[in-house]
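Q: Could you take a close look at one part of this structure for me? I would like a connected account, with the cut-offs behind each term.

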Amino acid sequence: MTTSTEQSLGAEATAPEMGMAPIRREHRTVASYLLMPVFLALVCLGLYLYVQSKELDTIEQRALNASRLGTAGWEHVQLTIVSTIFVILIAIPLGVFLTRPFTRRFRGVLLTVANIGQALPTIGVLALFAVAFVFIGFKAAIVGLVAYTVLPVLRNTMVGLQQVDENVLEAGRGMGISKMGVLTRIELPLAVPIILAGVRTALVINVGTAALATYINAGGLGDIIVAGLSTNRLTVQITGAVLTAVLALLVDYLAGIAEDVLRPKGL
Amino acid sequence: MSLWEFIEGRYDDLLQAGFDHIWLVGLSVLLCTVIGVGLGVATYQTNRPREIVLAVTSTFLTVPSFALFVLLIPPLGIGAPPVILALTMYGLLPVVRNTITGLREVDPSIVESAKGMGLGRAQRLTKIELPLAWPVIVTGVRVSALILVGIATIGAIVDGPGYGEFIFNGLARVGSPVAVNLVLAGMIGVIVVAIIFDVFFAVIAKLTTSRGIR
């Protein structure tokens with residue numbers, strides 16, 4: 001992770017939009033690949049020893065057993081993965097559609113809206129669905145997460161496709177490749193790194209916001225934190241918070257590896 | 001009750017929350033600007049420390065805010081302190097990243113001529129490099145402020161002040177008529193604060209950029 005500099009904000013692509021300056025990615029060494037998992041394993045071990053060293057009362061025992069933690073963790077993973085899959089299915093085709101020539105007129109407006117939308121707090125989006133339509137639970141959480149994180153992926157898809165050199169497309173057309181072929185064989189592969197950065201951003205936002213899904217009865221590790229907060233049990237709060245943080249860092253780490261692996265060979 | 005009536009009725013509370021939100025984010029932005037620019041200046045010329053600083057600050061940003069706020073309760077209690085520390089941690093990456101990029105993008109030949117004119121290391125930094133990198137640095141601070149306005153909302157979980165209170169109060173009353181107004185008023189407040197910060201930093205960027213490169 002030492003060189004994973006384009007993280008949570010998908011800096012490569014947000015650079016022109018949000019003013020985050022890009023830093024060139026360098027190749028990672030094997031040691032730097034191992035750093036994060038080792039660190040997370042040590043954190044989990046530390047947490048385990050800390051909880052073991054405490055005399056747990058009945059409230060704590062009820063919150064901190066393997067099946068409860070497992071269920072909450074699994075719900076959290078489901079929220080993250082399902083919402084990210086929907087985001088990919090919606091945002092990438094939409095991004096492709098909105099970069100075709102006939103949409104040029106309202107493209108700028110859309111990018112502006114996408115940027116402003118990012119300034120809204122994630123909890124607000126979840127809360128709005130909940131109070132406006134009395135829509136709570138797993139499905140509501142998915143809708144809220146998707147509504148929010150479609151924006152970074154859409155924006156990165158559009159930016160990624162737009163920054164492809166016009167001459168390269170011209171060359172492709174000159175070689176007799178069809179419009180569809182130019183899109184799938186030239187434009188999309190060249191845009192992949194930026195699109196992936198957007199997907200990684202979406203994943204990180206989703207895994208973080210899924211922690212708040214507990215407030216709309218959608219489960220996740222936030223359940224554990226809230227159980228600790230409402231019963232004033234520090235051990236429970238800390239366990240929930242540490243597990244949430246570990247899961248988020250793990251998801252980001254895996255997404256970083258996926259980014260490296262999925263990047264087209266020539267780039 | 002319509003949203004407008006709600007806002008009129010709770011005007012004082014909303015205004016107070018707005019001031020709280022602004023000073024909370026403002027203080028955090030100030031802290032991360034001082035720390036972030038310091039870290040950037042200290043590490044931009046050396047590869048290894050630079051990578052470490054960027055990796056650590058981007059790891060901060062990956063930790064979910066809900067988790068970080070709660071983890072800061074044991075050392076700092078509840079209220080503003082844990083929120084300010086967490087916000088400062090979250091705001092570092094854009095500032096550090098832009099400071100490093102800005103300083104590294106300064107044309108080496110300009111620094112070379114400054115050397116030739118007899119300027120020492122400190123003078124080169126304060127008179128040549130930082131002024132040239134300043135527009136990029138201010139943009140980083142602006143990005144960081146916008147991110148923090150949103151994250152500060154979550155601070156309401158640990159009794160942090162600001163518009164988050166309205167949103168979470170609304171959530172606690174799902175199904176009741178006042179809930180929608182609470183959440184909407186909170187969201188509008190957050191957007192207004194975000195716009196205020198954005199305009200503020202746009203003006204700051206104009207005023208503080210060295211005349212020669214405006």
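A: Happy to! Phe102(A) counts as exposed because its relative accessibility is 59% (exposed means over 50% relative accessible area, buried under 20%, and partly exposed in between, with a 1.4 Å probe and protein chains only). This is a predicted model, in which local features need pLDDT of at least 70 and side-chain atom pairs pLDDT 80 or more, while totals for chains, interfaces and linings use all residues. Residues are numbered from 1 along each chain as written, chains are lettered from A and ligands numbered from 1 in written order, and side-chain values use heavy atoms, without hydrogens or water.

Phe102(A) sits in the loop between helix H4 (66-98) and H5 of chain A; helices are DSSP runs of H or I with at least four residues, strands are E runs of at least two, and both are numbered from the N terminus. Together with Ile81(A), Ile85(A), Phe86(A), Leu89(A), Ile90(A), Leu94(A) and Phe97(A), Phe102(A) makes a nonpolar surface patch of about 780 Å². Patch members have over 30% relative accessible area and no salt bridge, with like charges joined within 9 Å and nonpolar side chains (Val, Leu, Ile, Met, Phe, Trp, Tyr) within 5 Å; areas come from the Shrake-Rupley method with a 1.4 Å probe, and for residues only the protein chains shown count as cover.

Next comes the second largest pocket, which holds about 420 Å³ of space. A pocket is an open set of points on a 1 Å grid over the protein atoms alone, where a 1.4 Å probe fits, with protein on both sides within 12 Å along at least five of seven lines; lining residues have an atom within 4 Å of a point. Its volume is the space filled by probe spheres set on points joined across faces, edges and corners. Of the 17 lining residues, Thr99(A), Arg100(A), Pro101(A), Arg173(A) and Glu187(A) lie nearest the pocket centre. H9(A) gives the largest share of the lining, 5 residues. By class, the lining has 8 nonpolar, 2 polar and 7 charged residues (Ala, Val, Leu, Ile, Met, Phe, Trp, Tyr, Cys and Pro are nonpolar; Asp, Glu, Lys and Arg charged; the others, Gly among them, polar).

Glu259(A) lies in helix H11 and Arg200(A) in helix H9, so the pair ties together parts 59 residues apart in sequence. Both Glu259(A) and Arg200(A) are buried.

Note on methods
A salt bridge is a side-chain nitrogen of Lys or Arg within 4 Å of a carboxyl oxygen of Asp or Glu.
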